[in-house]
Amino acid sequence: MALAALAPFLAALLTPFIHSLAGRYSGWVLATVPAGIFLLLLGVSEPVIAGGTIAASFGWVPSYGLTLSFFADGLSLIFALTIAGVGTLIILYSGAYLKGHRHKGRFLAYMLSFMGSMLGLVLADNMLALFMFWEATSVTSFLLIGFYHNRQAARRGAIQALVITNIGGMCLLVGVILAQHLSGTWLLSELRGLGGVLKDHALYGLVLALFLGAAFTKSAQFPLHFWLPNAMEAPTPVSAFLHSATMVQAGVYLLARMTPVLGGTAVWTGVLVAFGGVTLIWGALGALRETDLKQILAQTTIASLGLLVLLIGLGSEAAIAAMLVYFVAHACYKAGLFMVAGAVDHEAGTRDITALGGLADKMPVTFIGAALAALSMVGLPLTVGYFAKEEMYLALVGGDWLMLFVLAVLVVGNALLAGVALIVMIRPFLGDALPTPKNAHEAPVAMLAGPILLGGVGVVAGLLPDWLSADVLAPGAMAILGHAVEPHLKLALDLASPLIWLSALTWLLGIVVFRQAQAIRTVLRRLSAGIGWNADTAFDAVMFGLIRFAATVTRALHHGKLEFYLLAVFAALAVALFWPMLALGGLDWIVPTAELGDWSKRLVLPDLRPYEWGVVLLAVLGLLAVLIAQSRLIAILSLGIQGTALALIFLLFGAPDLAFTQLMVEVLSVVILTIVMTNLRLDARDHRPFEDWARDGTLAVVCGAGVSLLLMLVLTGTLDTRLSDFFTATSVPIAHGANIVNVILVDYRGFDTLGEISVVMGAGIAILALLRRRKKTEETGP
Amino acid sequence: MSGAFLVVILALGWAGITGNFSGLNLLFGGLVGGGALLILRYSIRQQGALGRAGKVLSLIALFLYELMVSAINVALIVLRPDLKSALKPAIVAVPLTVKSDAEITLLANMITLTPGTLSVDVAEDRSVLYVHALTMESDTALIAGIANGFEARIKEVFQ
Amino acid sequence: MTQLPQAMIETATSAADWVLVLPVVLALMGSAALLVVRRSNRLPLLGAVLVIVAIIACEISLLLRIVSEGPLSMTMGKWLPPFGISLTADLFGAGFALAAAVVTLVVVLYAEIDREGNDGKDGFHSMVLLLLAGVTGSFLTGDLFNLYVWFEVMLIASFGLIVSGSSPLQLDGAVKYGFLNFLATTLFLLALGLTYGLLGTLNMADIMLVAPDANRAAMTGIAALLLLAFGMKAAAFPVNAWLPASYHTPTPAVSALFAGLLTKVGAYALLRALVAVLPDSREMLEPVLAVLAVATLVIAPLGAIAETHLRRAVGFFVIGGIGAILAGLSLPDVIGIAGAGIYIFHAILAMTALYMVVGLIEVRTGASDTRQMGGLYAASAPLSILFFLLILAVAGVPPFLGFWPKLLLLEAGVADAELGWVGSALVVALVINAILTLIAGTRLWSHVFWRNGPEGQPASGEPMPLVAPTPRVRLAFGAVSALVLGVVLIGLWPNPLIEVGQRAAADIVDPGRYVEAVGLAEVEP
Amino acid sequence: MNTVIFRTAAPLIVATMLVFSVYVCLRGHNEPGGGFIGGLIAAASIAVFGMASGVPAVRRALKVDPLAIAGFGVLLAGFSGLLSLFIEAPFMTSIWLYLDLGETVVPFSTPMFFDIGVYFVVFGTLSAIALALESDREEDL
Amino acid sequence: MDYILAALVGVFVSLGIYLLLSRSVIRMLIGMTILGNGVNLLIFTAGRVTREVAPIVPGGLDVPAGPIANPLPQALILTAIVIGFSMFSFLLVLAFRAYKSLDADNTDTMRLAEPENAPQPPLSY
Amino acid sequence: MIGDIALCLGGGLLILGAIFTLLAAVGVVRLPDLYTRMHAASKAGAVGGGLVLIAVAVISMDAAVALRAIIGVIFVLLTTPVAAHLLARASYIAGYHAGESTVRDDIKTRLEQNSGS
Amino acid sequence: MTVAAFVDLSSLIALILLGLALLVSIVRIVIGPTLPDRVLALDLMTVVAMGFIGAVAVRTGRMLYLDIAIALALLGFLATVALARYILRRGLKTDAAAMEAQS
Ligand code: NA
Ligand code: NA
């Protein structure tokens, strides 16, 4: 089973080689991968159908308690088989559809990776693994949607899809982590066994919101549905795959999967039904507004997703059964229809239904595929679509008035979809023949296999209700509801049942919709034009707004003025100095207390000797001289004063080495400054506007005072002199040096000095690097 | 020749500053001095033999005396309340009779350190030394004082 | 004769212990040796590669040793700690040092792109080794003042590298980089002086022991100063302006080296100083840390969205990553610290690789602004793959390396969310950061790779012409590919990394083993 | 600064400074001074030399690339630390050897070589910087 | 005595910061030097100050006869001085080169790396 | 006894040196123009500094220290006039002319002659 | 008064005098008016500082401080040379500019 999820990735990695070897037949070659997986899954399906599960687990990140666990129950298997089955046909189809395209190899690799992600998603037992595959579908679909990368619309569609689904992905990640945090397990199979651990927790609402956020974005629920039509910029095989059985169904899968853990509550039902219902109607109406075949199908996909979410929300046995059957039906017919649309586009050169007609003669096989799919979509008996509809009506009939309202919504939605199905089947194929950009003729076998086979499956399944019940419904419901459902799908018409009449009503309305399609389209288009904006345009507004906002913020923060960068640092310094001192009573030592005595006792003149005062005064005067210096060179000279003063302070307080070095360095600084200044001619004065002066001055004084106060606070304690005592005691006897400072430098802390001389050497290299290109740049400069 | 002499001087200087006149230390001092001179080998020209110790000593004695007088002189001037009127600054061209670099340098430096005079510049043709005088009563006296004092003694030393 | 106190370590030091100090010393002496031979043509490159390989070998054996035996310490000059300078390596320090050496090796090979017709006279390889010495020293030292010295070694080497070439653009960037970074180390020194005045010691393990008894206000003030100084080095908001002002100005190889190493050392210093050494002060500063983390996480990717200069944009990714690390420091349980640490590891590899790929993009398109770029997707599949993988890794998309630390951080945040606002705020900020980063990344991808040519060029027609790769470019490409492959493989098989990360974090949160390794037994109060 | 007086006096001044610098370096272990200050004074002497005689003359006199001297200094300092590998001690453990030459005992120690390394680094680097700032010809750098 | 020096540290730091905010690169460098001096004095003061007794053991003794000045801060400051001087030299030459290349001593006019009127980011995909 | 005399002598020299140095500083402040100030700085300064060094030499009563002090004095006497010369020459060439009270300026005369001929 | 006390007193007096000299020489550095004036005063200040160090040496009885004084004399010379060079070069340029303005 792990093989099922991982084989496509391996195949994708090998695709460049396979493609270069197999050339135009690479589609056929690579289609064997999903076909093999399909057969593999069928082979292991026995115990699942019997109501059990199969599992496989590998150690992955044991240090984090993560295993790469796969498990398959009915739900997973239905999805996985659909993915692999449809996937086989799509790969085949792609091989033909992109014949001769320079990036066909890349495309097939992306498709296989996507399929692998999808299979991994539905087979994963570990929630984190599920999330990873979830994200992988987003990323691979991004590459697929943007496949025609020269087109801005394709790029936009790809980014849009990725952004929206990534927001959902982040919700899922946090949701998964939260669920793990609350339940203690990463494994879905274990989580299900824990019963109400999440439902009963105070944070249930948050967990639910996160999972719904994930599912709704992925499954394009209103109002986050807008990315899906834009994803039609992708090549048609992508649309056929992503929007029938795979990517968008990931959200549905997640909701179904979480039903035992999160479902069944009032808020669950309410939210899912409401959003699903609105999405159903919205998508169906949207389909009627469009004339582009793919856009129409995209909108119906939104509607179908709404329908599935609604059914999961209802959560009853019949609703779940309907959901399962509808999923299979939808996968078959929607993939088929997309492939038909692609074939039409490929052969006739347009997808606009108003520009197409009479293709049944030219593309008869394609028409058969289209008809099979559309009829399933309409829900005629003998197709699997019929059972889906029956089941969903069954779920609602006989409920309270709220349920009846939902039923009405369903009927209307189904009717609209039926109308659309008729349009899609009849307009291009049976309508009056119209000239098309290309002279249409039948598509190649690889492109026909899909629609015909899928249509056939739809019919076959429609003819085998018992098989459907036993092999699809039972294990699926077992997985979601935890118990098997009685097989009750029947082909026989029971006129006493209200269901048949509801179906009839649906068809009738569908025909009306088909008849009035033109008028409805006009009305809808006027309506949307009247509103003027929609979620899609809002997306642009948000994105561009974000970009403008980002630019504003960035320009404001990174304005390029060093002075303000420094100002920020010093403001932070002031806060860092004062905030802890004020918050933690660091200034208490100033305030006189009973024990410490009064101020008069503290105001003693420090015991400095006259010449010491002189040197301190010299330092202050030197600093003032720098401050008031008119030109830079005078400032440099004044710099020498404070340096000398500092050296003398060191000297007077027992630090001859320091004084020595300080003097030498200070003089040398003045020398180097002078040498450099000798080659520069600069403006003499330091112009600083008053407000800057006041601001800079205040900040400087505050920081200086803060440093002084913090230092004084430190000085209130006694110093632990362990280190110096050690050095003093051992310098001569052990380290053989009388100058303790030097011994520290070359022995006790010689490692520091090693770094220090490296800094000196580095300064040499750096300065040479600076000066080195002087000639070249100045010669080539303007 | 003069290089070897300088090495000996530097070695003795080394022994002096390190306070250790042992043979080994003198040897080491010679090495250090030799290293320093190695770097300077292109810059030291033949300086002429510094022969006569007596003349040198008399020059040194004259110099030290003049230096002391000079310092006191300046100190007294500085302390005068009527500072402005006591001064008569001037820049005077003093003709040079010494010609070698070493002689000119020695002369100029000594002039700077002695009363009331300061060497400002040497003319490009080395004929004249421009001297700043603090209180110039008479230019001939000034020039003569220099010619008969330091300049003559320096010539004697360098011959 | 008075009795001498015991001054030196009695036991002999085995030569095997030298793997702790050799990486630093080899880098330093290698740098010096290359300087001596800098007028030779090929020796600098060859020498640099040999030295770095030797360093990597030492660091691998060091890491293995620490994995099996716990933190390792050596006090220079045989003096008893805390009197001598102790080099003390735990898993984080050794791991980061190894990652740093590996990316440096890759960058040295990559840098051959820019060195067409360049002899060794500019001292490039010397400076690279000096930078590596500073970085390695910072990661391995157990002494606060010694850390300052290595910071400065790193800083001066980065000065030399950032101006190498001395174009006016570089000089402008270097002025801002230079002043702000030197100011940061000066503030560090200020904090150090106060630390000594308060505690009387500089050895980190020793500080751990005596800090709890110190004046709380002063200790917290010092910690705040350290936070400011290291925050500047790490480029945390709001003192990060130097990074976008300068990282795009040197050659891409230098940008790459900086991105991988410099800010990470700042972040590591924060981790070491605040979480391990001064945990009490960190607790006081936790709200500040959290606010800084949130602001950095949210604001940095905006810059990446707004910027059209490709390397500047990438610089904002670097800053965003620092936000993630700060988030880990605000959530100091083992999981959060492990997240921060693994993020540092990830960033060392991924950010370096990203800059190098960007450099290749600049070479191929001959432009540095995304407005003038396009057509790379059709032209170069390998380059596309590298860039795409790295964007995903940086955005934290699974299963690439960047995902794992974010996962740990989110888990720590979720766990902390029940205790207060910090956890929830950080979770939200991390999520926003991931989304914004992905938006920025896909925009860059779309403009540079997918779009057919520069802005305004029609979509149809041939993609824009590209500069053909030279052999040096191919060498560079190979080097980067190897690094990216590493990022991908570690992402796919993160178990060793996460295991080591968690153990390392455990040692940070409970530094008993660290203190013991230094040789300062925990003293019972 | 092309004056006879300066040019003539400079070698004396420079020689004195160089000797003094070595003295300051070597006695640093017991009294104020040490490699750094010694190297600084030596480099200052080179600067005086350069100002008096011009950069080319100094380069000719030095022969060796000053930065290579700095590199050599770091190598020397590093090696003096590495020696302790052979006495089974940590890096930079000092080793003392007393050379008995009859009348005096000359101590040789790794810290001394370390300090000499410091001297060379400072001397080389500062000389390189001073000469580079004075020089106009790039090929010298 | 300590407190006077502590106050003096504040003066150094204040002036250093004030000059760092002056926009003129040369003045900023002077500010950096003064700030560095202030920090050195801070380390010195933080190590507690003793009058006139250098930490040098008189000849013939194994340990100093009386109390001496604290040697450790002195060693730290020495290292810091040397490093600060290296950084100062580099930044000075950098300022010199920047002035030659950019014709600017005022940091407000150094706008190559972050151009003043950078165009808005493109509003496209 | 000799020691006491040396100490007293040294103390006296020390004070004398300090006085000269102070007077040099006073001179630099009081004298009217650049070149006259140089006299004060170079002579009184050199003597003051030198005297202090000699005082140290005398007080130390140690041959090594004394020799070092004397070398220091020689160095001061060597460099002070050179420095004064360089500064004066540079100032003059750069155009900082002597003050108004200067009664005669032969360099100026020479320059005027050169430019005239 | 003992001899030692006299030496102590003399060093104290010297220190005070030299401290005064330092402060006085600052005056010229600050008021100028010309650059050479300030350079001159700075040069003098190094000499005063040298004396100060000598006096400290006497006061503390540590004659080794002497070397610091000597080194200061060495480097002070270098500083004055560099500053003189600055005056020379910049002055010439200033003169050239002034002459251009006149013609
Ligand atoms: Na040091
Ligand atoms: Na040093």
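How many residue pairs are in polar contact between chain A and chain E, counting those with both at pLDDT 80 or more? The count is 23. Keep in mind that this is a predicted model.

Let's stay with that interface. By class, the side of chain A that touches chain E has 72 nonpolar residues, 22 polar and 25 charged. Which element of chain A gives the most to that side? Helix α30, residues 690-715, with 16 residues.

Now salt bridges. Between chain A and chain E the count is 3. One of them pairs Glu563(A) with Arg23(E). There, the closest N and O atoms sit 2.4 Å apart.

Next, the extent of the contact. On the chain A side, 119 residues are in contact with chain E, and 91 residues of chain E meet them. The buried area between the two chains is about 9,400 Å². Carbon and sulfur atoms give 72% of that area. Which residues of chain A lose the most area to chain E? Phe653(A), Leu715(A) and Leu770(A). Together they make up 7% of what the chain A side buries.

The unreviewed UniProt entry annotates "transmembrane region" at residues 12-29, 35-55, 67-92 and 112-133 of chain D. I'll take two of these against the model. Residues 12-29 of chain D are 83% helix and 0% strand. The end C-alpha atoms of that stretch are 28 Å apart. Residues 67-92 of chain D come out at 62% helix, again with 0% strand. Here the end C-alpha atoms are 24 Å apart.

Note on methods:
Residues are numbered from 1 along each chain as its sequence is written. Chains are lettered from A and ligands numbered from 1 in the order in which they are written. This is a predicted model: local features need pLDDT of at least 70, side-chain atom pairs count only at pLDDT 80 or more; totals for chains, interfaces and linings use all residues. Side-chain values use heavy atoms; hydrogens and water are left out. UniProt positions are given in the numbering used here, feature names are shortened, and annotations may be inferred rather than shown by experiment. Helices (H or I, at least four residues) and strands (E, at least two) are DSSP runs, numbered from the N terminus. Contact means heavy atoms within 4.5 Å. Buried area is the accessible area (1.4 Å probe) that two parts lose on being put together, summed over both. A salt bridge is a side-chain nitrogen of Lys or Arg within 4 Å of a carboxyl oxygen of Asp or Glu. A polar contact is a pair of N or O atoms within 3.5 Å; within protein, one must be able to donate a hydrogen and the other to accept it, and residues adjacent in sequence count only if both atoms are side-chain atoms. Ala, Val, Leu, Ile, Met, Phe, Trp, Tyr, Cys and Pro count as nonpolar, Asp, Glu, Lys and Arg as charged, and the others, Gly among them, as polar.
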